[in-house]
Amino acid sequence: MLLCNVGNTNANFFDDGKISSMDIANFMSYVPKEKVYIINVNESVKDKISSNSNFIDLEPYFELECDYVGLGVDRIANCYAISDGAIVDAGSAITIDIMYQGVHLGGTILPGLSFLQKAYSSISPRLNVGLNTQISLDSFPQNTLNAVSYGTILPIVLIVEYMSKGKKIFFTGGDGEFFIKFFDKAIYDKTASFRGMLKIIKEKGL
């Protein structure tokens, strides 16, 4: 069974436990030879998916107890897999969703790390210094690289801590593994959305 999660920059595939990825440009020329169960948040590929019967769009099948209007299907799939805890999907954007006993309590959206680095660069070339991935948040920065890194990472960490309120934190997404070192109760689950997809496929007999 082949699953696909299409995001803003990449299409990620899950095939018998193995994860692979292709960028959106390559996905536009991708022609499936078998059924592909898919979720998609990228408007530019919507017509491609709807025009090929081998793509099985799972979005209409999800049912999540939730008051949030406009919750993306990628976030819904994550929440479908994790019924209790804070779910942080750290990709081109960072989403935080809070689940309690299968109910979605709310969530927020932050700019991703790559966007924040570009934002600093747009302010001044002197701030185009990259990111110190080994930075300690326990001491004040003493140079520009660490100052930019501190200003990028710490606000995200504080928001996650505030929203999670002691719940277990589940990180997913391309930058998810990077963030877990800043938290005591955090795990990296790169298959969360795929587990949610498998769950709905089984429940609906698709």
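Where is the place of Arg75? Arg75 sits in helix H3. Helices here are DSSP runs of H or I with at least four residues, strands are runs of E with at least two, and both are numbered from the N terminus. The model is predicted, so local features need pLDDT of at least 70 and side-chain atom pairs count only at pLDDT 80 or more, while totals for chains, interfaces and linings use all residues. Residues are numbered from 1 along each chain as its sequence is written, and side-chain values use heavy atoms, with hydrogens and water left out.

Arg75 is buried, with a relative accessible area of 4%. Buried means under 20% relative accessible area, exposed means over 50%, and partly exposed lies in between (1.4 Å probe, protein chains only). Helix H3 is mostly covered, with eight of its nine residues buried. Among them are Val73, Asp74, Ile76 and Tyr80. Contact means heavy atoms within 4.5 Å. Neighbours within four places in sequence aside, Arg75 is in contact with Tyr68, Thr95, Ile96, Asp97, Gly107, Thr108 and Ile109. Ser44 is 31 residues from Arg75 in sequence, and the two C-alpha atoms are 19 Å apart in space.

The protein has seven helices and 11 strands. Its radius of gyration is 18 Å, close to the 17 Å that the globule rule gives for 206 residues, so the protein is as compact as a globular protein of that length. The radius is taken over C-alpha atoms, and the rule is 2.2 Å times the number of residues to the power 0.38. The C-alpha trace spans about 55 × 40 × 30 Å along its principal axes. Of the 206 residues, 43% count as buried. Among contacts between residues at least 6 apart in sequence, 44% join residues at least 24 apart.

The domain assignment gives domain 1 (2-57) and domain 2 (82-190). Such bounds come from an automatic or database domain assignment. The C-alpha centres of the two domains lie 26 Å apart.

Pockets were then examined. On a 1 Å grid over the protein atoms alone, a pocket is an open set of points with protein on both sides within 12 Å along at least five of seven lines, and lining residues have an atom within 4 Å of a point. The largest pocket holds about 750 Å³ of space. Its lining has 30 residues, of which Gly7, Asn12, Asp89, Gly91 and Gly173 lie nearest the centre. Elements giving two or more residues to this lining include strand E2 (10-15), helix H3 (73-81) and helix H7 (192-204). Domain 1 and domain 2 each supply at least three residues to the lining. By class, the lining has eight nonpolar, 18 polar and four charged residues. Ala, Val, Leu, Ile, Met, Phe, Trp, Tyr, Cys and Pro count as nonpolar, Asp, Glu, Lys and Arg as charged, and the others, Gly among them, as polar.

The second largest pocket has a volume of about 200 Å³. Its lining includes Asn40, Lys46, Asp57 and Val73. Helix H2 (residues 46-50) gives the largest share, three residues. Three nonpolar, four polar and four charged residues make up this lining.

Two loop residues have positive phi. Asp16 lies in the loop between E2 and E3. Its phi is near 55°, a positive value in a residue other than glycine. Asp16 is exposed, with a relative accessible area of 71%. Lys165 lies in the loop between helix H5 (144-164) and strand E10 (169-172). Lys165 is not a glycine, yet its phi is positive at about 45°. Lys165 is exposed, with a relative accessible area of 58%.

Terms used. 1 Å grid on protein atoms, 1.4 Å probe; cavity = no way out; pocket = protein on both sides within 12 Å on 5 of 7 lines; lining within 4 Å. Points joined across faces, edges and corners; volume = space filled by probe spheres on them.
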